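Have the model open as you read.

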Amino acid sequence: MLALLAATPALPLDEAGKYVAGAYVVFLALIVVYVAIMAAKLQRIERELNELANFAEQGRPGTPGREAEDVPVDVETQPAAVSDRNLTPSEAAAGRPDRVQGSADA
Amino acid sequence: MYGKGLRPLSIATVAAIVASLSLVFFYAPLDADQGFIQKIFYLHVPLAIVALVGFVVGGVFAILHLRSGDSRWDAYSYVSIHMSVIFGVAVLVTGSIWAKASWGHWWVWDEPTLVSFLIVFLMYATYYPFRYAIEDRERQARYASVFAITAGAFVPLNFMAVRMAESLVHPRTFGTANGGLPGEMMLTFLVSLVAIGLLWTTLVKFELTAKSASGQLKRLRRALDAPSPGGSSRVAPEVS
């Protein structure tokens, strides 16, 4: 890269160079401003999408698996799933519980 | 849907711009008359050509919208014109800088090329208030399409009229009897033209993708009957 730069002719950045640089900088600035506006627009879309996802989750609490989504679950502190552990005598008498305490309410 | 192919297009655009700048500053010879100032030509002229073609493309999309009634074409037309107006700003600013450097004035009012481009630009600047003044979306799209077609037809007519007019100071680079640019300059110019054309296409696609995402979000909000956030009563065309 340095060798390439060394081989290239020096740019005549005198009086004319300022105008040329100005023209190209103006063009670059326009593009940057446009991209910044678009980035802000995309951020708004993302925020609205998050709001909508929260609204959908709150509006349908009975939807399977909804409660557990987006909730950080510490695997080590969670009790084992029903299928993975032995049932206590009272659970065995009452039948398997529908939900495991703590897994979805965390 | 609109985002498909955006990534390779963006990469191609960046590569073309880098190639173009390299050719402009390290390959193209200095102009015998203007010297280093002439480097603005490789930015200013492609921007002007792409902006004017973009206005015409906006008119073509508007014809498709009126023929089919499909709101997607209206969105294409709107975004094409929007992008060309932004490029038009760049044309006017870079042209003024060039004029100041080579003629000593920021603007020359009796030069047909400059004034005609300003007229085209100002005409398209009225597109936004004209469009946003109409609340009903269907009427808004229809009237905007009529505007885009009429103005799009005016652009080539205006261009031809300017070419036939007698120029005072603005050069007619591609119309000289000797064939215009030498080979190295022509190659640099063509690469710059491709780069700016790719940039226009990428930004149009980028904007359409954002509009599509925004439109789908609104549809989802309506389907879920969710409350709409403040400040979202936009009148720009929705893309589904």
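This is a predicted model: local features need pLDDT of at least 70, side-chain atom pairs count only at pLDDT 80 or more; totals for chains, interfaces and linings use all residues.

Residues are numbered from 1 along each chain as its sequence is written, with chains lettered from A and ligands numbered from 1 in the order in which they are written.

**α2(B) with α6(B)**
- Helix α2 (residues 41-68) and helix α6 (residues 137-164), both of chain B, have axes that come within 8 Å and cross at roughly 140°; helices here are DSSP runs (H or I, at least four residues).
- The contact (C-beta atoms, placed from the backbone, within 7 Å) includes Phe55(B) and Gly59(B) of α2(B), and Ala148(B) and Gly152(B) of α6(B).
- By class, this contact of α2(B) with α6(B) has 14 nonpolar, five polar and no charged residues, with Gly counted as polar.

**α2(B) with α7(B)**
- α2(B) also packs against helix α7 (residues 183-224) of chain B at about 45°, their axes 9 Å apart.
- Among the residues that meet are Leu47(B) and Val50(B) in α2(B), and Leu193(B) and Trp200(B) in α7(B).

**After α3(B)**
- Gly104(B) follows α3(B) and has a positive phi, near 85°.

**Chain A with chain B**
- In all, 24 residues of chain A are in contact with 28 residues of chain B.
- The chain A side has 18 nonpolar, three polar and three charged residues.

Technical notes
Axes are lines fitted to C-alpha atoms, for helices over the stretch in contact, and angles run from 0 to 180 degrees between N-to-C directions. Helices (H or I, at least four residues) and strands (E, at least two) are DSSP runs, numbered from the N terminus. Two residues are in contact if their C-beta atoms, placed from the backbone, lie within 7 Å.
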